[in-house]
Each structure stands twice: as structure tokens, then as C-alpha cells.
Amino acid sequence: MSKLIVSLSPHAHGSDTVERNMYGVIIALLPALLVSFWFFGIGSAIVCATSVIACVLFEWAINKFILGRKQNTVLDGSAALTGLLLGFNLPSNLPIWIIIIGALVAIGVGKMSFGGLGQNIFNPALVGRCFLLVSFPAQMTSWPKIGQRLSYLDAETGATPLYYMKEAIKTGNLEDLKNVPDALSVFIGHGYMEGAGTIGEICALALLLGLAYMLWKKIITWHIPVSIIGTVFVLAALFHLANPVYADPLTVILSGGLMLGAIFMATDYVTSPMTPKGQIIYGISIGVLTLVIRNWGSYPEGMSFAILIMNAFTPIINMYVKPKRFGEQPAKS
């Protein structure tokens, strides 16, 4: 009888490539991108185009002139995806020079300083976004109201739904919650009410269409988005039942950047755990941290910080949550 030898992985060739997955995520973002054009007009177009072009150019320049790589990676779609996600996390009236700084930090610090795609610890787009948030807080928290399609830098600004939720918690005044759009308005877009927010968070329906596409194409699995959204929903429901000053759970999960973060940011291949069990632990932790920061932190939104914190814990999760190994011989005592 011949001895069975189990070789090291990989054992089979798959059809997945970096390009296929990156451009697949970009396709999934198109509904939200088109909605942002409808709601924010020229401002959304300028911010997103600037962010994408700047990220691609910075990756090309760093590869060529700093790392000296003969084979550049700008065509694999990862830089363009980082630029689009960074643009989705910005207000539609952000000056071009600030967007370029954010792109430089996202690509230069968040990605290429670690060696490039596959080696970065943190989500590059969120690194750029959080850097801009702490460096330019006034510009990054100036939210243009929707419907001003031909306005850019001179757009009229307003408060986000999360701001009013935060004020209600701080003051204990239920009247503040009357300024929050109802769940249906947030689901289909703030266009039917006065509303404001980042470019990519304005319509939950568009983001869910992107999720459906990525699940259909098997670009991602359900574990991270469902565990994040489910955790926030359950905790928000408990808070709301305990004290109505906390917004209802459906409005909480549909408001702000939670859907954008849960579907497109937390599911980043490089910075999220590899196993389904690890992904659920990761998602639950992000959900808890997001709600803690939203309710009691300094900022109304906590999604970006929660994802970056859990990015740092991903190696630990991967270390302690491992799949069963087959073909391993037990050590002889």
C-alpha cells in the first residue's frame, strides 16, 4: 500500500485574481457612486475623481521612484479602489488640496510603507480618512446638504443625523431626535428630507445592492457585514428599550457610515481575519466599538476608528482562531 503524502498548499488553482476582486468591488460601488452624483452633483464628482487619480498617481510614483519596482501595480485596481473608498468617506465640498493630502497618506503611509498590497496592517482608505479628520476637523465635519448639484465649495452645510442622535444622548432631550430622518428616508437616501453626510453613506439601498453583487460573485462572504450590522442592531435595540433617548435600532444601522464600513471597508481581504469564526469575532467587536464611540465618544461616528482598532487585532485573531489541519501527524510521546 502506498503512503499518502499531503503536500503544502495550494492544492488547486482558483479563478480569483487581485484584478478580478478589486474591480468587482469597484463595480459593486457603482450604485452608491451614481446616487452620490444625483444627490451631491459636481461636488461628488470632483472629490471622487481627485481621490482616485491622486491615489493611482501616488502608487505609481512610489513604486517607480522610491521602491524601484520594474512591475508597477497601478493597474491591479487596488489603488483606484482605495481612492474611491477614500472619496466615499469625505464630504462633497472638501478642497482638492486636502483630498490630495489624504490620498498621499492613504497610499504612502497606509499601504506602501508596509510594502504594498497584501502587507498593509490597516485599511489604507481609513488611514487617509482618519488622518484628515484629526488634521482638518473643521473641513472634514462641514457637511453639504443634498440637492445642491451645481455647488461645490460654496454649498450650504448642515448637521448629519448622527449629530442629532448624539445631542439627544448628551442632553437627554427627545426633541433632538425629531431632526433625524426616518428609517425609510435614510434607506432610500436623504433626498426626501434635509440631510447631510459623507459622499458614500447617503443611501443604504445603494450600498446593499453592492453587497448583494459581491455575495453573488463570491467576492466576500456574509460573516463580517452581518455580524457588524446584527451586533449594532441588537445593542441599539436594548439601549432604545432602556431609554427612548437612544434612536431606534433600524435608524441607527442605516445612518452614518455603518453600512459603508460594514460592507466595503471591514471586509478588506488584507486587514480582516481569514476564517469564518474569526470574521464573526472581528465583526461583533467592530459593532460593539462603533456603538460605544457613537454614544459616548468625542465623534458622532465611530465606524472608521472601530475598523482600524480591529485591524490591529486581526493577526491575534488569526493566530488563535485556526481551521482544523488535515494530514498532520500527532507527536509521539
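**Helix packing, burial and cysteines in the predicted model**

Helix α12 (residues 258-265) is largely enclosed by the rest of the structure, because eight of its eight residues are buried. Buried denotes a relative accessible area under 20%, exposed over 50%, and partly exposed the range in between, with a 1.4 Å probe and protein chains only. Helices (H or I, at least four residues) and strands (E, at least two) are DSSP runs, numbered from the N terminus. The buried residues of α12 are Leu 258, Met 259, Leu 260, Gly 261, Ala 262, Ile 263, Phe 264 and Met 265. The model is predicted: local features need pLDDT of at least 70, side-chain atom pairs count only at pLDDT 80 or more, and totals for chains, interfaces and linings use all residues. Residues are numbered from 1 along each chain as its sequence is written, and side-chain values use heavy atoms, with hydrogens and water left out.

Two packed helices are described by the angle between their axes and the distance between the axes. Axes are lines fitted to C-alpha atoms, for helices over the stretch in contact, and angles run from 0 to 180 degrees between N-to-C directions. The axes of α1 (residues 18-40) and α9 (residues 204-216) cross at roughly 165 degrees and come within 8 Å. The two helices are therefore roughly antiparallel (angles under 35 degrees count as roughly parallel, over 145 as roughly antiparallel, 65 to 115 as roughly perpendicular and the rest as oblique). Their contact (heavy atoms within 4.5 Å) involves residues including Gly 24, Ile 27 and Val 35 of α1 and Leu 207, Gly 210 and Tyr 213 of α9.

Helices α10 (residues 223-242) and α13 (residues 276-296) pack at about 40 degrees, with axes 7 Å apart. This angle makes α10 oblique to α13. Among the contacting residues are Ile 224, Ser 227 and Phe 239 of α10 and Tyr 282, Gly 283 and Trp 296 of α13.

Thr 160 lies in the loop between β2 (157-158) and α7 (161-171). At 9% relative accessibility, Thr 160 is buried. Residues up to four places away in sequence being excluded, Thr 160 touches Trp 143, Ala 196 and Gly 197.

The count of disulfides, each defined as a pair of cysteine sulfur atoms within 2.5 Å, is zero. The sulfur of Cys 130 is too far for a bond, because the closest cysteine sulfur, in Cys 55, is 15 Å away. Cys 203 is likewise in no disulfide, the nearest cysteine sulfur being that of Cys 48 at 15 Å. Cys 130 is buried at a relative accessible area of 8%, and Cys 203 is buried at 6%.
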